[in-house]
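Colleague: I'm new to this one. Could you show me how to read a few of its features?

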Amino acid sequence: MHPLETSRSGRHFLQIPGPTNVPDRVLRAIDQPTIDHRGPMFGQLGLAVLAALKPVFQTESPVVIFPSSGTGAWEAALVNTLSPGDRVLMSETGHFASLWRKLAGRLGLEVDCLAGDWRRPVDAAAIGERLAADSQHAIKAVCVVHNETSTGVTSDIAAVRAAIDRAGHPALLMVDTISSLGSVDYRHDEWGVDVTVAGSQKGLMLPPGLAFNAVGPRALAAADTARLPRSYWDWREMLAANARGYFPYTPSTNLLYGLFEALAMLQAEGLPQVFARHQRHAQATRLAVQGWGLELLSLDPAAHSPALTAVLMPAGHGADALRKVVLDRFDMSLGQGLGQLSDRIFRIGHLGHFNDLTLCGTLAGVEMGLAAAGVPHRPGGLQAAMEFLAKAP
């Protein structure tokens, strides 16, 4: 049997917080003959994709596309702007913030980390206090995660920018939007972000394989003097080739076909409508969790993620056992707990190519799984979500 072959009928429910379900029209766009990445047709595609990306980041600045995972975009943001021994300030909001911190350390940067309990957003006031105390301006960058995929907590980036400005500090602001871009309202220019990091496999509705840096003017200026080693990740070579729609090395041609189609879908729906849809589905999911009598990991209602919901398991019950029952019985994948949350939570992804009926099917699978796995809960979470969705516009 082929390793991906299954005897199940119907489609698999992929309800992890990324990679997300890829729309059929995006899959059809990817499934085109590969063209010459030095030819005129590709140049037209490159220019069109690069132009269509900017509104999603809500920026007029250039957006650089790398053939990589989001981890590569983390590294690109740092190596293009910083030098060995530079100090960066990070906030530990969850597993992915911790991974970015570790990457920075491996690059030879000094990392100041604001500790967190993985249940709350970035503390903008604490960032401001740390910067105000840095009278020598040793801190060269502040790195925060907008939407922490491991916890379902979204941070207020505008508040972080305001805190930096109040401190009168010149540190660059770098923001990870890997699980928020295209799902949660995000404004690179308006919020004064210097580098925005993103990936293809979540709100942009593509398979993994593309990573992005939106690069503001201060970050571009910093790239002229940064001394961390860079070659593959060098913005300068990328931007020079991008001016004509090309890349300095072989790009992910067919993923760029899919990206152009996905961007067209976001444009057709309209970003305000996309963001409202995600907010509505998130609220319906939280109503279901409340109806089941379970606890959200996110403690701050203002920081509940529109893209995913992380749910704490009752004492004495493991999340992995529940996830196995849901997968085996109902052919649905839920997100696992990562790092210190391993086996303590499950995560429901409700981002990307998603609608009301898909959400209802997802929540039905969770409710049936809770019963089948013997997890203490109240019935009726699905009903609460359905009643909300039926009334919502």
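Colleague: At what angle do the axes of helix 2 and helix 9 cross?

Modeller: Here's the general idea: two packed helices are described by the angle between their axes and the distance between the axes. Keep in mind that this is a predicted model. In it, helix 2 (residues 40-57) and helix 9 (residues 253-269) have axes that come within 10 Å and cross at roughly 40 degrees. Helix 2 and helix 9 are therefore oblique to each other, and their crossing is left-handed.

Colleague: Which residues of helix 2 and helix 9 meet?

Modeller: On the helix 2 side you'll find F42, L45, A48, V49, A52, L53 and V56; they meet T253, L256, Y257, L259, F260, L263 and L266 of helix 9. Sorted by class, this contact has 13 nonpolar residues, one polar and no charged ones.

Colleague: On to H304. Is it buried or exposed?

Modeller: Under 20% relative accessible area means buried. H304 has 16% relative accessibility, so it counts as buried. You'll find H304 in the loop between strand 11 (295-296) and strand 12 (308-312). Its side chain makes a polar contact with the side chain of S298, at 2.8 Å. Leaving out residues up to four places away in sequence, H304 touches G152, T154, R286, L296 and S298.

Colleague: And where is T20?

Modeller: T20 sits in the loop between strand 1 (13-15) and helix 1 (24-30). T20 is buried too, because its relative accessible area is 5%.

Colleague: What does T20 touch?

Modeller: If we skip residues up to four places away in sequence, T20 touches L14, Q201, K202, M205 and L351.

Technical notes:
Residues are numbered from 1 along each chain as its sequence is written. This is a predicted model: local features need pLDDT of at least 70, side-chain atom pairs count only at pLDDT 80 or more; totals for chains, interfaces and linings use all residues. Side-chain values use heavy atoms; hydrogens and water are left out. Axes are lines fitted to C-alpha atoms, for helices over the stretch in contact, and angles run from 0 to 180 degrees between N-to-C directions. Helices (H or I, at least four residues) and strands (E, at least two) are DSSP runs, numbered from the N terminus. Angles under 35 degrees count as roughly parallel, over 145 as roughly antiparallel, 65 to 115 as roughly perpendicular and the rest as oblique. A crossing is left-handed if the near helix is turned anticlockwise from the far one by less than a right angle, and right-handed if clockwise. Contact means heavy atoms within 4.5 Å. Ala, Val, Leu, Ile, Met, Phe, Trp, Tyr, Cys and Pro count as nonpolar, Asp, Glu, Lys and Arg as charged, and the others, Gly among them, as polar. Buried means under 20% relative accessible area, exposed over 50%, partly exposed in between (1.4 Å probe, protein chains only). A polar contact is a pair of N or O atoms within 3.5 Å; within protein, one must be able to donate a hydrogen and the other to accept it, and residues adjacent in sequence count only if both atoms are side-chain atoms.
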